[in-house]
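Thanks for coming. Please have a look at it first.

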Amino acid sequence: MVKIRLKRMGAKKRPFYRLVVADSRSPRDGRFIELLGYYDPLTEPAKVQVDADKVREWMRKGARPSDAARDLLVREGILAKVPRAFKAAPVAEAAVPAESASEMPGASEEVDAVDADNVHLGSGNADAQAEPPAEPAGAPADGDSAAEAATES
């Protein structure tokens, strides 16, 4: 697979990057197919020079940019900003209904913070506090027959 990625160059603690097209199996700073531009993050403002036509041509051929290269190309306006599918937004606690939050395992356990380095759950044995799983609504209780459950409804 062909990637558009940054190749690190420059001296120690003085990075300078080239935007290159390379085989995904080649090392980060190794062999590349074509030079597309450069990025110097140490200047104020950062200097970026990218050949947009070459980038679009390689993407039409199937090249995929790395995350860092994609961010650089979006900042330069060459690519449109597209949310990454693998990064899901965190679920807010308010989005969980109150009744379903109490049914979650461990919801009844309290967390006591002893200090910043040592946190423990509740007091006592966690196995002794575990509750048996709740049966789904409409399921017959132990000892009841299915016929008795059907007549109660």
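How many bridges join strand β2 to strand β3, and do the two run parallel or antiparallel? There are 5 bridges, and the strands, residues 14-23 for β2 and 34-40 for β3, run antiparallel. Before I go on, note that this is a predicted model.

In general terms, strands of a sheet pair through backbone hydrogen bonds, either parallel or antiparallel. Here the sheet is open and has 5 strands, with mixed pairing. Reading across, the order is β4-β3-β2-β1-β5. The edges are β4, residues 47-50, and β5, residues 64-65. Each of those two has a single partner strand, so one of its sides has no neighbour in the sheet.

Now the helix. Helix α1 packs on this sheet and touches β1, β2, β3, β4 and β5. Its direction makes about 125° with that of β3. On the chain, α1 covers residues 52-60, and β1 covers 2-11.

Next, the aromatic side chains. A pair of rings is described by the distance of the centres and the angle of the planes. Searching the whole structure gives 2 aromatic pairs. One is F16 with Y38, a stacked pair with 5.9 Å from centre to centre and 20° between the planes. This pair links distant parts of the chain, with F16 in strand β2 and Y38 in strand β3, 22 residues apart. F16 has 28% relative accessibility and counts as partly exposed. Y38, at 28%, is also classed as partly exposed.

The other pair is Y17 with Y39. Why is it called stacked? The ring centres are 6.1 Å apart and the planes meet at 25°; planes under 30 degrees apart count as stacked, so this pair qualifies. Again the pair links distant parts of the chain, Y17 being in β2 and Y39 in β3, 22 residues apart. Y17 also has Y39 as its bridge partner in β3. Are Y17 and Y39 buried or exposed? Both Y17 and Y39 are buried.

That leaves the charges. Side chains of opposite charge can pair when their charged atoms come close. How many salt bridges does a search of the whole structure find? It finds 5, and I will describe some of them.

Take D53 and R56, whose side chains meet at 3.8 Å, N to O. They are 3 residues apart in α1, so about one helical turn separates them. D53 is exposed, at 56% relative accessibility, while R56 is partly exposed, at 38%.

E57 forms a salt bridge with K61, with the closest N and O atoms 3.3 Å apart. E57 counts as partly exposed at 35%, and K61 as exposed at 55%. K61 has a further contact to mention: its charged end sits over the ring of W58, 4.6 Å from the ring centre.

Another salt bridge joins D29 and R28, where the closest N and O atoms are 2.8 Å apart. Both residues are partly exposed, D29 with 36% relative accessibility and R28 with 49%.

To recap, the picture is an open sheet of 5 strands with α1 packed on it. K61 takes part in a salt bridge with E57 and sits over the ring of W58 with its charged end. That is all I have.

Terms used. Residues are numbered from 1 along each chain as its sequence is written. This is a predicted model: local features need pLDDT of at least 70, side-chain atom pairs count only at pLDDT 80 or more; totals for chains, interfaces and linings use all residues. Side-chain values use heavy atoms; hydrogens and water are left out. A salt bridge is a side-chain nitrogen of Lys or Arg within 4 Å of a carboxyl oxygen of Asp or Glu. Buried means under 20% relative accessible area, exposed over 50%, partly exposed in between (1.4 Å probe, protein chains only). Helices (H or I, at least four residues) and strands (E, at least two) are DSSP runs, numbered from the N terminus. Two strands pair if DSSP finds at least two bridges between them. Contact means heavy atoms within 4.5 Å. Axes are lines fitted to C-alpha atoms, for helices over the stretch in contact, and angles run from 0 to 180 degrees between N-to-C directions. Rings of Phe, Tyr and Trp (its six-membered ring) pair if their centres lie within 6.5 Å; planes under 30 degrees apart count as stacked, over 60 as edge-to-face and the rest as tilted. A charge sits over a ring if NZ of Lys or CZ of Arg is within 6 Å of the ring centre and within 35 degrees of the ring normal.
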